[in-house]
Amino acid sequence: GRLLEKSICDFFQKDQVLCFNAAKARIGYCIGCFACRVKTPGKCIFEDDMDEILRAYVDCDALIILTAMKYGCHSSVTKCFLDRTIPLETPFLRGVDGEVHMIARYPRQRRLLAVAYGDSLDPDDCIVYNQLIKRNAINLDMKRHKTIFVEGGEDIQAKLARAWRDL
């Protein structure tokens, strides 16, 4: 994970990129109180590193997620981070392809790039994870998203370049 994180930060060094490691950040669990939607709009009741991360997110053009993938899912740390992005949504609803989703509080044309890694990735898990990323992109109001899968010590520079260009 650390070598991939360094590769990604090195790759995007020419762009303005804020790299943070959710595993090292102080991020509490979402308790689902939804105060961030109605009581303190856009602000979680918990004061931790997510305050700074969400402020940076408001002005960003892309979100890049690096996560270990198990059984077609994010790591628990990544899931915790994504749960805590609820303040980015309003309590109002919109229809997307026959489904109901929240409306973004800070609309902007952002992109989502997910880099999922593991020692031996199962093709069925990759299909499930692609669907998960698609769902996350809808929930985060991102029209463009891409997933890269990295196994073992595979070099990801070429994959990153292709994915970023296509995104």
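## Briefing: hairpin, sheet and helix packing

Strands β2 and β3 form a hairpin with two residues between them, and Asp97 in the turn has a positive phi of about 50°. The model described here is predicted. Its secondary structure comes to six helices and five strands, arranged along the sequence as α-α-α-β-α-β-β-β-α-β-α.

**Overall dimensions**

- The C-alpha trace spans about 45 × 35 × 30 Å along the principal axes of the protein.
- The radius of gyration is 16 Å, which agrees with the value near 15 Å that a compact globule of 167 residues would have.

- Strand β2 covers residues 89-96 and strand β3 covers residues 99-104.
- These two strands run antiparallel and are joined by five bridges.
- Val96 has Glu99 of β3 as its bridge partner.

**The parallel sheet**

- An open sheet is built from three strands in the order β1-β4-β5, with parallel pairing.
- The edges are taken by β1 (62-68) and β5 (144-151); each has a single partner strand, so one side of each has no neighbour in the sheet.
- From one strand to the next, the twist averages 15°.
- Strand β4 (residues 111-118) runs parallel to β1, and seven bridges join the two.
- Leu66 has Val115 in β4 as its bridge partner.
- As background, strands of a sheet pair through backbone hydrogen bonds, in either a parallel or an antiparallel way.
- In a regular strand, side chains alternate between the two faces of the sheet.

**Packing of α1 against α6**

- Helix α1 (residues 2-11) packs with helix α6 (residues 157-166) at an angle of about 50°, and their axes are 10 Å apart.
- That angle makes α1 oblique to α6.
- The crossing of α1 past α6 is right-handed.
- On the α1 side, the contact is made by Ser7, Ile8 and Phe11.
- On the α6 side, the contact is made by Gln157, Leu160, Ala161 and Trp164.
- By class, the residues of this contact divide into five nonpolar and two polar, with no charged residue among them.

Note on methods. Residues numbered from 1 in each chain as written. Predicted model: local features only at pLDDT ≥ 70, side-chain atom pairs only at ≥ 80, totals over all residues. Heavy atoms only, no water. Axes fitted to C-alpha atoms, helices over the stretch in contact; angles between N-to-C directions. Helix = DSSP H or I, 4+ residues; strand = E, 2+ residues; numbered from the N terminus. Parallel < 35°, antiparallel > 145°, perpendicular 65-115°, else oblique. Left-handed = near helix turned anticlockwise from the far one by under 90°. Contact = heavy atoms within 4.5 Å. Nonpolar A, V, L, I, M, F, W, Y, C, P; charged D, E, K, R; others polar. Pairing = 2+ DSSP bridges. Rg over C-alpha atoms; globule rule 2.2 N^0.38 Å.
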